[in-house]
Amino acid sequence: TSRAATGTRTTETHCPYCSLQCGITMTAGDRPATLVPADFPTNRGGLCSKGWSAAELLDHPERLTRPLVRARPGDRTSPLVETTWDAALDAVAAAVTRTQLRYGPHAVGCFGGGGLTNEQAYQLGKFARVALRTSAIDYNGRFCMSSAATASIRAFGLDRGMPFPLSDLAAADVLVLVGSNPADTMPPAVQHLDAGRERGALHVVVDPRRTATARGADLHLQPLPGTDLALANGLLHIALADGLVDEAYVAARTTGFEEVRAAVARYWPDRVERITGVPVVDQRRTVHALARAGRAIVLTARGAEQHRHGTDTAQAWINLALALGLPGREGSGWGTVTGQGNGQGGREHGQKADQLPGYRKLADPAARAHVAGVWGVDPDELPGPGVSAFELLDALGTEGGVRTLLVLASNIAVSAPDARRVASRLGDLDCLVVSDFFLSETAELADVVLPSAMWAEEDGTMTNLEGRVLRRRHALDPPPGVRDDLQMLAELAGRLGRGAFFSDDAETVFAELGRASAGGAADYSGITYDRIDAEQGVFWPCPATPDGAPAHPGTPRLFTEAFATPDGRARFLPVEHVDAHEPTDADHPLVLTTGRVLAQYQSGTQTRRSRSLQLIAGSPRAELHPDLARRLGIRPDDVVELATRRGRARFHATVTDTIRPDVVFAPFHWGGGSSANALTDPALDPLSRMPAFKLCAVSVTRVGGP
Ligand code: SF4
């Protein structure tokens, strides 16, 4: 029952949580494993409380160490009981075969996650198309990065969250953070911001809450949620009126500016103040500072992007950055702050409904031919594009929908919008299979639960928020009875008669991923594990070079010469503010926005089980302004019920003047009676299919004392 422990050894690897991918040094062998921060370029010796606590969970008593199946197969009211891997995988293969014989190949689906390694994400996409031959696959990054990714591809022809290295943040003279709160979400990143501040850089934060990041900034713009697009258009209006546009850059490197010029003409500063609540004087100060700076960066994140018009909102900030001549210059540009640990790599290798590895389009015949060649299958065998995450989940168990679902690294019963509706759909499945480390709220609903290896127990690569491909290194063996998802998928493929197509060795899978991505936008073909080890990561694109030629150095900074569009120019696109899709009314008079707290991560499957993190952020708390609290008779720590058109959830009240009086904030890391996503609206952005997590109408009622 003991793990392989051949003395103590140290391993350089990375934190399992967010996209900063802080470097850590693990010591393992003599249990329990411990970790300390490493001096890696992203964190330079820093870690946040989540990273410090990460080793705690490896030996957590609730860790799943045996596959589980229902005591009475098919009856989810019967308890989950332990079984063998052979029996569990046989049950999954039988369910897949039964469903596909009855309903066709697309009735079996896969749902992945941005926490999977590149190799696992690639393998899952290939498993769906080659072993299951289904179009039904998408992943939780659809709920996270899809708006910014769509906007980036539309404007620049390529999506890499930050098209420049993190170190550029310190080089910028002006930094505008829109809906981004790194002081709470990724504190070690703040040292890059502080380095700029020490040089005299001006920092502006755009956020409806006066977050820790906003408190540290020179200027805080506090717009009503859902009005960031109007603010960006308004800043561009001022730039045009005040002669701040970089006309030479616009003429040389962009197309489409005249349409945008016309579109922003109506965004007069006083109108923008009425829409957003941001004073004209602050609008002027921001855009003049941006235009005067030698180097300036605009970063957007989920606060601006998780909206019904998230793609257009990101585009509005890209339009502003282009008009000021920022993208493609050192220490300048527009970027988005990716959230999940492998949120970047997770969206490049084929987990998305419409994509093949290397960011290739599944609908593109040349892309299909290339990838099918690497996979050794006929291109005509590959299914076409499927539907996006929420659409896939909302059709579970229905005519034409998925009947058997395999979920990896995702707790959709907590993280999906309108989460109780999604949980109910999961109940309609013929078979739900969940691979996870713990019995998450989604795993609790499953027919088969497969215990998967945790970060320190597996090999692979992750791609961080800068596009730097990193090594996740094996530091210790998993508990007996636990398997890596690569191994699980290979064994399941074998049971479906496609085992010859799948390796369970991470480095072998990475080499194949490189070949599949060769020539695509996210080209990894020149990256090897040895190079990552030697160079502290390699930035993509990094194409392979012919034998004897020097290796490609990787690409820390994109767009310096040309954008990735057919004509090499970035595309301006006119975008318009639209009023909130779910207006407030007498029954729901306030605006709800959701987000993160420092000591929790995503759906909380891991961090809610960490004793040290529970001491910091153990209970879900909603934030209300003192004026609102007084009006509703709510005192600090009272229990309040938030109600929207979808459901109700309870939180303890934090009364704080850091939030607008017309807005309520709730964190989304909890399920059950405190599920913020029981409240959220699944209205989808028409372009990216991003749900509107950041904005819906809500009422607040006091239901009890502290
Ligand atoms: Fe670093 Fe993010 Fe991990 Fe915190 S959660 S230690 S910021 S990688």
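The legends below describe close-up views of a predicted model. Residues are numbered from 1 along each chain as its sequence is written. Because the model is predicted, local features need pLDDT of at least 70 and side-chain atom pairs count only at pLDDT 80 or more, while totals for chains, interfaces and linings use all residues.

**View 1. Domain 2 touches domain 4.** The protein is divided into domain 1 (9–59), domain 2 (68–141 + 343–518), domain 3 (146–336) and domain 4 (590–704); these bounds come from an automatic or database domain assignment. In this view, 16 residues of domain 2 are in contact with 17 residues of domain 4 (contact: C-beta atoms, placed from the backbone, within 7 Å). On the domain 2 side, the elements giving two or more residues are α17 (389–394), α18 (412–415) and α19 (419–427). Of these, α18 gives the most, with 3 residues. Helices (H or I, at least four residues) and strands (E, at least two) are DSSP runs, numbered from the N terminus. By class, the domain 2 side has 7 nonpolar, 4 polar and 5 charged residues. Ala, Val, Leu, Ile, Met, Phe, Trp, Tyr, Cys and Pro count as nonpolar, Asp, Glu, Lys and Arg as charged, and the others, Gly among them, as polar. The centres of domain 2 and domain 4, taken over C-alpha atoms, are separated by 30 Å.

**View 2. The ligand lies between domain 1 and domain 3.** Both domain 1 (9–59) and domain 3 (146–336) give residues to the shell around the ligand, so the ligand lies between them. The shell holds 14 residues, of which Cys15, Cys18, Cys22, Cys48 and Gly51 come nearest (near: C-beta atom, placed from the backbone, within 6 Å). By class, 10 shell residues are nonpolar, 3 are polar and 1 is charged.

**View 3. Helix α9 crosses helix α13.** The axes of α9 (residues 228–241) and α13 (residues 280–292) come within 9 Å and cross at roughly 65 degrees. Axes are lines fitted to C-alpha atoms, for helices over the stretch in contact, and angles run from 0 to 180 degrees between N-to-C directions. The crossing is right-handed, a term used if the near helix is turned clockwise from the far one by less than a right angle. Gly234, Leu235, Ile238 and Ala239 of α9 meet Gln283, Arg284, Thr286, Val287 and Ala291 of α13. These contact residues divide into 5 nonpolar, 3 polar and 1 charged.

**View 4. Seven strands form an open sheet of mixed pairing.** The strand order is β5-β4-β18-β17-β16-β6-β7 (pairing: at least two bridges found by DSSP between two strands). At the edges, β5 (80–82) and β7 (137–139) each pair on one side only. From one strand to the next, the twist averages 20 degrees. Strand β4 (residues 68–70) pairs with β5 over 3 bridges in the antiparallel sense, and Arg70 stands opposite Leu80 in β5.

**View 5. Strand β26 pairs with β24 and β25.** Over 4 bridges, β24 (residues 621–624) and β26 (residues 648–655) pair in the parallel sense; here Arg621 stands opposite His652 in β26. In contrast, β25 (residues 639–643) runs antiparallel to β26, joined by 5 bridges. Val640 has Phe651 of β26 as its bridge partner. The hairpin formed by β25 and β26 has 4 residues between the strands.

How values were computed. Two residues are in contact if their C-beta atoms, placed from the backbone, lie within 7 Å.
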